[in-house]
Protein chains: 2
Amino acid sequence: MTQTGFKHPYVPEDIELEGFVPNLLPYEQILSVFFGGSALVVLLMVMLTGRYKLSLVERLWAGWWMCTGIIHLVIEGTVVLDSKFYQDTTGNILKEIWKEYTKADSRYATRDAFIVQMEGVTAFVWGPLCFVIVLGILYRTSWRFTAMALVSLGQLYGDVLYYLTCIHEGLAHTRTEPLYFWAYFIGANAIWIVVPLTCIAYCASNINAAVAAAAGGKPSKRKSS
Amino acid sequence: MTQTGFKHPYVPEDIELEGFVPNLLPYEQILSVFFGGSALVVLLMVMLTGRYKLSLVERLWAGWWMCTGIIHLVIEGTVVLDSKFYQDTTGNILKEIWKEYTKADSRYATRDAFIVQMEGVTAFVWGPLCFVIVLGILYRTSWRFTAMALVSLGQLYGDVLYYLTCIHEGLAHTRTEPLYFWAYFIGANAIWIVVPLTCIAYCASNINAAVAAAAGGKPSKRKSS
């Protein structure tokens, strides 16, 4: 661990991060890779699932689950496993993403217990389950709605606790510039509020209809004529 | 806030809790009220639901959801709203429970961000939803399995993060005596691992069967003969 002499841009200013190395890529490039890559994954999945007997809505859900699974496992997995991501000198995009995002939440660098453990579950439990869900959608398995609803609730609850714990500590870890506060902290995380809520509504509607049909179908054997 | 001169029994020893007042009730009495009261609620619910057309399993689930709902809203609600529970001088059983449990986890007294926010969601979101679920079970609504599965996942995930964050911080907030570590910290919390997992399995089995039946019934209109 070398003393680099660089001053980190995170708040609160008095946190000590030995060997910090500033971002090597401009933030426009980091955001382009993250959002461009995500959009590309969704688009590819929608295109490649044409040969399955799926509605457009189902193909879009396959795209979402592939995309969010990669983000969980690869991107969030990186910050869980590499506690010294901010020392990277190679310009590795995964480390660059976290050096940049940490401006919106320094708890990633200070290894806050909730952040590390919530991200650990997200990366290594929800992450792999997202890929299982993609298979469930493609093959229209009977458990796909159950799995989607449960993992969506996990994402939603983790994200709600993420916001609440940050607010509880007076937003002391979040820089106040609009890019960091509104775009990164509020905006990027809001995706995992809005989409999981939508997915839970979609699954609940399908499940509840099936349960109602199963209950209605069994006791009252409808006579013909 | 008076300086009482009492030394608190929590760890780490150097946490400062102004105005701490020791437990006024013996721990056997506190545990009897908590576990006896919980068992009584389950038993009462099983007995009182006799007039509904429900299986014993369904009546037991109604008992569980009523019991866990009361624990969330009343007991966990208390510790969320009263940050100075350890100053209580009246012997209020709700405060006594938390003075005692804090020996297994001092983060309740130090107002750890994750603890307070996770308990807030548990008390005031999962809590009321538990009572909605009881109604859903009694009237065999089509959404009862969805609601039970989602709230169970919420309880499970909150509890998993509870254990993981405590371990992450080296169990520094937990006294090592078997009563505090094994019975309170491991044992009592394990209930909200085991029962939610069981409930998720129960719901998934019902949901998946209904979805399979609904899918099987629609496209292949079976010809008679």
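The structure holds two cavities of 30 Å³ or more. This is a predicted model, in which local features need pLDDT of at least 70, side-chain atom pairs count only at pLDDT 80 or more, and totals for chains, interfaces and linings use all residues. Residues are numbered from 1 along each chain as its sequence is written, chains are lettered from A and ligands numbered from 1 in the order in which they are written, and side-chain values use heavy atoms, with hydrogens and water left out.

A cavity is a set of points, on a 1 Å grid over the protein atoms alone, where a 1.4 Å probe fits but cannot get out. A pocket is an open set with protein on both sides within 12 Å along at least five of seven lines. Lining residues have an atom within 4 Å of a point. Grid points are joined across faces, edges and corners, and a volume is the space filled by probe spheres set on the points.

### Enclosed and open spaces

| Space | Volume | Lining by class |
|---|---|---|
| Largest cavity | about 480 Å³ | 17 nonpolar, six polar, four charged |
| Second largest cavity | about 40 Å³ | six nonpolar, two polar, no charged |
| Largest pocket | about 520 Å³ | 16 nonpolar, six polar, four charged |

The classes are simple: Ala, Val, Leu, Ile, Met, Phe, Trp, Tyr, Cys and Pro count as nonpolar, Asp, Glu, Lys and Arg as charged, and the others, Gly among them, as polar.

The largest cavity has a volume of about 480 Å³. Its lining has 27 residues, and Phe34(B), Trp98(B), Tyr101(B), Asn189(B) and Trp192(B) are the closest to its centre. Six helices of chain B each give two or more residues to this lining: H1 (27-48), H2 (56-81), H3 (93-101), H5 (113-138), H6 (144-168) and H7 (178-217). H6(B) gives the largest share, five residues. Helices (H or I, at least four residues) and strands (E, at least two) are DSSP runs, numbered from the N terminus.

The largest pocket lies in about 520 Å³ of space. Of its 26 lining residues, Phe34(A), Tyr101(A), Ala188(A), Asn189(A) and Trp192(A) lie nearest its centre. In chain A, helices H1 (27-48), H2 (56-81), H3 (93-101), H5 (113-138), H6 and H7 (178-217) give two or more residues each to the pocket lining.

The second largest cavity is lined from both chains. Chain A supplies Thr146(A), Ala149(A), Leu150(A) and Ile207(A), and chain B supplies Thr146(B), Ala149(B), Leu150(B) and Ile207(B).

### The interface

In chain B, 35 residues are in contact (heavy atoms within 4.5 Å) with 35 residues of chain A. The size of an interface is often given as the accessible area lost when the parts come together. Here the area buried between chain B and chain A is about 2,900 Å², and carbon and sulfur atoms give 78% of it. Buried area is the accessible area (1.4 Å probe) that two parts lose on being put together, summed over both.

Across this interface the rule finds zero salt bridges. A salt bridge is a side-chain nitrogen of Lys or Arg within 4 Å of a carboxyl oxygen of Asp or Glu. Six residue pairs, both at pLDDT 80 or more, are in polar contact across the interface. A polar contact is a pair of N or O atoms within 3.5 Å; within protein, one must be able to donate a hydrogen and the other to accept it, and residues adjacent in sequence count only if both atoms are side-chain atoms.

On the side of chain B that touches chain A, H5, H6 and H7 of chain B give two or more residues each. H6(B) gives the largest share, 14 residues. By class, this side has 22 nonpolar, nine polar and four charged residues.

### Chain A and local details

Chain A has seven helices and zero strands. Its C-alpha trace spans about 85 × 40 × 30 Å along its principal axes.

Over all chains the count comes to 12 salt bridges. One pairs Glu96(A) with Lys99(A), with the closest N and O atoms 3.7 Å apart. These two residues are separated by about one helical turn, because they are three residues apart in helix H3 of chain A.

Most residues other than glycine have a negative phi, and most peptide bonds are trans. The peptide bond from Val11(A) to Pro12(A) is cis, with omega near -5°. Pro12(A) is in the segment before H1 of chain A. The bond from Val11(B) to Pro12(B) is also cis, with omega near -5°, and Pro12(B) lies in the segment before H1 of chain B. Arg111(A), not a glycine, has a positive phi of about 55°. Arg111(A) is in the loop between helix H4 (107-110) and H5 of chain A.
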